[in-house]
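Subject: Handing over a structure, with notes

Dear colleague,

I am passing on the structure that follows, together with some notes on what turned up in it.

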Amino acid sequence: AERRRAGDEEGARELFHFALAINPRCVTCLKDLAELETNAGNLNEAGRHLMSALDLTPDDSDALFSLGVLRMQQNRTSDALESYRKAATLCPDDHELLYNLALAIEKTDPASAR
């Protein structure tokens, strides 16, 4: 986290890979690495890390939300909807999640969002 705060995303990425070599089940490492990959424009790699995190903790609402955001960036709206809907069942009062869910619904079916 320190390297990330200092703007050294490449150094942070290397440390997260090292941390995952020590403990491949570190869900926080996977999610943080996914964020770094997203920032670097490596969306497929980010998706792979988020899916790995969800394999370990399928009810991780933060990972589901992040996957939904990522899928929207990839124009995979139906996949984003699936992630957002599952996250919303886990965190029904998360306003940012609900807003993004509404945006995804509006994109697929504008009439139903009204």
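Accessible areas come from the Shrake-Rupley method with a 1.4 Å probe, and for residues only the protein chains shown count as cover. With that in hand, the protein chain exposes about 6,800 Å², of which carbon and sulfur atoms supply 50%.

Before the details, please note that this is a predicted model, in which local features need pLDDT of at least 70 and side-chain atom pairs count only at pLDDT 80 or more, while totals for chains, interfaces and linings use all residues. Residues are numbered from 1 along each chain as its sequence is written, and side-chain values use heavy atoms, with hydrogens and water left out.

The whole chain

The secondary structure of the protein chain comes to seven helices and zero strands, where helices (H or I, at least four residues) and strands (E, at least two) are DSSP runs, numbered from the N terminus. Along its principal axes, the C-alpha trace spans about 45 × 25 × 20 Å. Of the 114 residues in the chain, 36% are buried; buried means under 20% relative accessible area, exposed over 50%, and partly exposed in between (1.4 Å probe, protein chains only). If we take contacts (heavy atoms within 4.5 Å) between residues at least 6 apart in sequence, 37% of them join residues at least 24 apart.

The cores

A nonpolar core is a set of buried Ala, Val, Leu, Ile, Met, Phe, Trp, Tyr and Cys residues joined through side-chain atoms within 4.5 Å. The largest one here has 18 residues, and Leu-50, Tyr-84 and Leu-97 are those with the most contacts inside it. Two or more residues are given to this core by each of helix H4 (43-56), helix H5 (61-73), helix H6 (77-90) and helix H7 (95-108), and the largest share, six residues, comes from H5. Leaving aside residues up to four places away in sequence, Leu-97 touches Phe-65, Tyr-84, Ala-87, Ala-88 and Cys-91. There is also a second, separate core of 10 residues, which includes Phe-16, Cys-26, Cys-29 and Leu-33.

The aromatic pair

How many aromatic pairs does a search of the whole structure find? The search finds one, where rings of Phe, Tyr and Trp (its six-membered ring) pair if their centres lie within 6.5 Å, and planes under 30 degrees apart count as stacked, over 60 as edge-to-face and the rest as tilted. Phe-65 and Tyr-84 form this tilted pair, at 6.0 Å centre to centre and with 45° between the planes. Phe-65 lies in helix H5 and Tyr-84 in helix H6, so the pair ties together parts that are 19 residues apart in sequence. Phe-65 is buried, at 18% relative accessible area, and Tyr-84 is buried as well, at 2%.

Two asparagines

Asn-100, which is found in helix H7, counts as buried at 14% relative accessibility. Not counting residues up to four places away in sequence, Asn-100 touches Phe-65, Val-69 and Tyr-84. Asn-75, by contrast, is exposed, with a relative accessible area of 58%, and is found in the loop between H5 and H6. Most residues other than glycine have a negative phi. Asn-75 has a positive phi of about 60° although it is not a glycine.

With best wishes
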